[in-house]
Amino acid sequence: MSRHARDPSRLDRRQFLKLSAGAGAAGLLYSSGLQARSVSTNARIVIIGGGAGGMAMANRLSRRLDGARISLVEPREVHHYQPGWTLVASGVWRPEKTMRPNSRFVPGGVDWVRQPAAGIDAANRKVELGDGSQLDYDYLVVATGLQLNYHLIDGMSPDLVGSHGIGSVYASIEGAARTRDAIDSWIAQGSGKGIFTAAPTPVKCAGAPLKMTFTTLSRLEASGRRDAFQVEFMAPGAGLFSQPYVNDFVKQRFDDQGVTRRHHYRISAIDPQAREAEFTFVGPDSEFTSHHELREAEFSAEGERKVVTDYDFIHVVPPMSAPDFVKASDLIAQDGPFRGEWLDVDIYTLQHNRYPEVFGIGDVIGAPINKTAASVKAQAPVVEANLIAQIQGQALPLRHNGYTSCPMITGIGKAMLVEFGYEDNFAFLPSFPFIDPRDESWAAWVMKDRMLQPAYYAVLEGQA
Amino acid sequence: MTVTGALTILWYALAPFLWLMVTGLLLLVVVQVLAHLRGYRLLGYRCLGANLAAIAIGLSGLWWIPLFTNSSLTYVATVFDWAALIGAVIGLAVIAWLVLSPLSYLLRVRQPSPP
């Protein structure tokens, strides 16, 4: 265990300028009375996960709590800007652009525990670490992110990404780069069939499989040989996206761009050497919004209709769930649509449904939407306020409205800024009155290409 | 969003181009100061060549600004897209004029005046 602390004598130019700007802003906040009051406590708070949610909470809580002992459990030294991976896999960004050292974001005064979490003993309020040691807590923030279950596709492994015509933007930053290379090779081949899949579970950045299809279509069209390529999209449900307008838009656009849509199929096996994939018919009951009803056992059920098809390129989207150690804990949902797979929280207060000292944020929570960095931006102030209220024995003051955002890239150079929430069948919640979420625009693309990464880092620092 | 949040986002967005902005600003200030020391007045001096060059530089933004954002003019579609792009083009032309006009003045006054 080591402690990360800023050494003022080692400020570089960037930090100096940033602190200067921050000091000016702090002055404004102070004078305008907007500064949140700090709260004194000696509570032990453990945050599991240093991704977007965990890092945002570490910064927010360390700023608000005076005297608290905050531990951030995160083994990785590098922070990945995962929303940029689709741009890497599309050949628009270099991989290095998505990486920053975690040390830039871990606030002073927080114990950065460079260990993976291995278990949670919720009854005794302990977190087990990879080295066998334990951390006791009074309050716990579960921000583990999710787990990619490639193993539920027979023959598939993340190591295969980039070889045998296999791509998968989710695998890792290296996987995203290798996906780009696999698409390059397919296009250089001059013809052939590409298959794009979606997963029969909730996934992080649910728009990513669609974005990968659209950006690849852009590249195929730019090659001047679009007609020589066959493109198919295999969807496990009837829908392609949870927001109804965008769902209809994407379907229509796929049809217009010559993408063959096949619904109610999930990828169940792959033979990399033969470049063949097996798809299992999951039936019309498996609608997009009820994918979570599929349990692991059902992934290998016998007697289902199967189709084997060849491919020249395939984009694999794996089933996803909470990490195994969360699934093995008592914090996992016991019933309802997220049972056995996702963290059991109230989707509005983000407090655990059975352990009031536990809160969840980010991809790990059982929620119908919300596995995006934009969701973390909306969830972080809610968890901050509600956790502090819990410490003070007060009623939880804030509720999350389900806000999530997907800059739906519909081609390299254009996008729709799709923002929506839980209410009114995932109605739009636009942040900017001058950007219509139903329009494809250059401005929305510029937001994705230039502005969202800065906004993401502001979220990590608890500033947005 | 807090003021600090907005400043943080702005900082991260502009940081990669800070060297370019500082260089451009220095160039502008140096040229303006030198020209003013030699009698240049912002609205009192006219040079058709500098004006046309500034307009050309501004208009060139229609091509390279979308390209700079990994896009193209083809995808500039909505009213807001056009408002943003035209705003950028006008800003670019004005900055170019603020450099080129005094620069042209400096080049002219350096030449020996007729007896």
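So, what pattern does chain B follow, read along the sequence? It goes α-α-α-α, with helices here being DSSP runs of H or I at least four residues long, strands being E runs of at least two, and both numbered from the N terminus.

Quick housekeeping. This is a predicted model, so local features need pLDDT of at least 70 and side-chain atom pairs count only at pLDDT 80 or more, while totals for chains, interfaces and linings use all residues. Residues are numbered from 1 along each chain as its sequence is written, and chains are lettered from A and ligands numbered from 1 in the order in which they are written.

Okay, chain B. Four helices, zero strands. Its radius of gyration, taken over C-alpha atoms, is 18 Å, whereas a compact globule of 115 residues would sit near 13 Å, going by the rule of 2.2 Å times the number of residues to the power 0.38. Along the principal axes, the C-alpha atoms fill a box of roughly 60 × 35 × 20 Å. And 21% of the 115 residues count as buried. Buried means 20 or more other C-beta atoms within 10 Å of a residue's own, exposed means 12 or fewer, and partly exposed is in between, with C-beta atoms placed from the backbone.

Chain A has eleven helices and 25 strands, and 52% of its 464 residues are buried.

Now the cores. A nonpolar core is a set of buried Ala, Val, Leu, Ile, Met, Phe, Trp, Tyr and Cys residues joined through C-beta atoms within 7 Å. The largest one has 146 residues, and among those touching the most other members are Ile47(A), Val142(A) and Leu343(A). Helix α11 (residues 442-460) of chain A gives the largest share, 13 residues. Domain 1 (2-146 + 322-401) and domain 2 (150-320) of chain A both contribute, so this core lies between them; those bounds come from an automatic or database domain assignment. There's also a second, separate core of eleven residues, including Ala35(B) and Tyr40(B).

Six bridges join β18(A) to β19 (residues 276-281) of chain A, and Ala269(A) stands opposite Glu278(A) in β19(A).

Definitions and conventions. Pairing = 2+ DSSP bridges.
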